[in-house]
There are 2 protein chains.
Amino acid sequence: MSTIKDVAKEAKVSIATVSLVVHKHNRISAETSKRVNKAIKKLNYHPSRSGRRLVSQKTGNIGFILTDDHFLRSEPFYTRIFLGTEFEARNYEYYILLTTIPSNYDVKDHPPRFILEKNVDGVIIAGKVPVSIISQIEKYNLPIAFVDFYPPSNEYPVVLIDNISGGMAATQFLIKKNHKNIGFIAGDIGHPSIYDRFRGYKMAMDYAGLDFSELNYIVDENYTARENGYNAVKKLLEINNDITAIFACNDAMAIGVVQFLNEKGISIPNDISVIGFDDVEADLSLDPPLSSVRVPKYEMGIEVMKLMADLLKNKDATKKKILVSVELIDRGSVMDLTLKIPMPA
Amino acid sequence: MSTIKDVAKEAKVSIATVSLVVHKHNRISAETSKRVNKAIKKLNYHPSRSGRRLVSQKTGNIGFILTDDHFLRSEPFYTRIFLGTEFEARNYEYYILLTTIPSNYDVKDHPPRFILEKNVDGVIIAGKVPVSIISQIEKYNLPIAFVDFYPPSNEYPVVLIDNISGGMAATQFLIKKNHKNIGFIAGDIGHPSIYDRFRGYKMAMDYAGLDFSELNYIVDENYTARENGYNAVKKLLEINNDITAIFACNDAMAIGVVQFLNEKGISIPNDISVIGFDDVEADLSLDPPLSSVRVPKYEMGIEVMKLMADLLKNKDATKKKILVSVELIDRGSVMDLTLKIPMPA
DNA sequence: TAAAATAAGTTAAACGTTTAACCCAAATTA
DNA sequence: TAATTTGGGTTAAACGTTTAACTTATTTTA
């Protein structure tokens, strides 16, 4: 493979000239430029990263950090975000180095190797991580951007899901189908995303002038997995059997809801409508497939990369917060009550 | 951040000595070593990749290539492989640079940027890729290893699924449960993996002394998606209604089979048993969940990284082929006919 | 016409390592 | 004792770029 020296020799110029041509510096005349470019093509020259890195003190790499937990999640949520980031990184000529950290990362632990070896120009943190890793990275004075995580300070650019409007959209979809007794099922309500979905639900009910009682329509569990959805809907229906529609705070819980209703012979959507949030793969294989609120994971990855690129160009770039919009996906697990023939009394 | 110079000054030795200590070269006395190591700790020194790369002519990176198609697959098959590779790479102090190429990659197209920029020491290719990309990479004289793809020559280390034994295992599992009329459903039989699963099926039937007629038990479609499974089982049951168990060549088709049987009110596993191959997430949300043959994607990623590390150490390393074993996962979609009470005639 | 500005290129230092070649003192050998 | 080996380190070149500072020739200005 040819180096800048080979090109210089071929074009009969100094290596500096070659470099200047490559960087389209205007000090070089058009003819020389042409001659050099011809040599570059002839020798199939591409500047080597290794040389460039050393002198420019830039690696051309971005670190992408997430926890083992998230890394090993069965639903490929963060994986998708990563793929979006990787794709967008090409537009900026960056490479992404992905690594995971233990979810119980401690200040005593080594920071990721790419930080120690100065092998990244910036770091993207995806999902919830221990604060200790953040303070570690701050020590190395690296630009940081977050995606799907509320960072501990306002200093950082961040990409978040617009959970409030998603919660509203799901609820309003049910309201438009003439549902009035709408249950909301939450797991860990302390989680910011879940809480915001709940807020969206409340706002939508409020705007529509629909009454709701927290006692009847919210059921708390500590986690948001399938079994919690199963248990939650069970409790909810025990204390309120007028419910015609259920909005589960995420698809994992929604699937638990579906399992419970199936077992009890309660037909979806004929007896009870169900809508979830996240739009994961598993939704498609339910019968009927689950209506849900799509979270654009790939696009989130793209957005956070854009923020990072901004930040690298201009360290004082505004620390933007981006809320990505969600989209309602109707797959038939919601019944339109307007069309339903009323049962004889 | 401190450099080798800072350490040298601190320890009052030359930078060469620091380097030799870092590399545990035996030319340095124990005392000097200790002094240098103390300085290294004090200054929190870690050799910079950029410096090291340039002189060693090694990047410390491995390229990971797959096609857009595979990259965007809804089932995270190659993603899992990638994650395994990334994880294992840490043990060898390598980073993985992931990139995709168009599935219609042409010789005229640019090779991935990390190749042009000499930013990788070797390349791992995952899944089926156009041969043109392989010959392109060969030009750059980079070590290549394959995973889940039969490379066009014997020159390369490769990690493959042991499809034949998987096909046998699935079939033998059905045979053990006393099934005798076992249908096999294949999509694209021209695909090496599918064909090998079919061979496993045939061998198992043969060993068990069970007769089978290709006309009755094989149904061809061009693809292996859900709708093909749906269509295939429909045709299969039209020409043969003695079948008590169906082995679908992959889970996507198996899910199509399940959908068809559900629609027709044919109970799984009471009327017909079903087993798939791949063990994808969606299997769990079926009712009953699908029994399948688990493919250890993560482990495949690990294995291919090991082969790559071997290859980088020793360019003449044996070009091993590794067949990773699969594992039968029983989730209740198969009925044990031995226990079934015979219907009164 | 002399001085100043400009255009177009070159020189050389620097980035942070690794490592072959070298050096010197002390120990060993003949 | 003189020559040789060994141990323990240092010197300096090299890797492939970028870029500030410099040079030289030409053009512009006063």
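The model is predicted: local features need pLDDT of at least 70, side-chain atom pairs count only at pLDDT 80 or more, and totals for chains, interfaces and linings use all residues. Residues are numbered from 1 along each chain as its sequence is written, chains are lettered from A in the order written, and side-chain values use heavy atoms, without hydrogens or water.

Sheet first. Chain B has an open sheet of six strands, ordered β2-β1-β3-β4-β5-β11, with parallel pairing. Strands here are DSSP E runs of at least two residues, and helices are H or I runs of at least four. Two strands pair if DSSP finds at least two bridges between them. The edges are β2 (95-101) and β11 (321-324) of chain B, each pairing on one side only.

Take β1 (residues 61-67) of chain B. Seven bridges join β1(B) to β2(B). Leu66(B) stands opposite Thr100(B) in β2(B).

Now the interface. Each chain is in contact (heavy atoms within 4.5 Å): 43 residues from chain A and 43 residues from chain B. The buried area is about 4,400 Å², with 53% from carbon and sulfur atoms. That is accessible area (1.4 Å probe) lost on putting the two parts together, summed over both. Tyr95(A), Arg113(A) and Lys118(A) supply 15% of the area that chain A buries against chain B, more than any other three residues.
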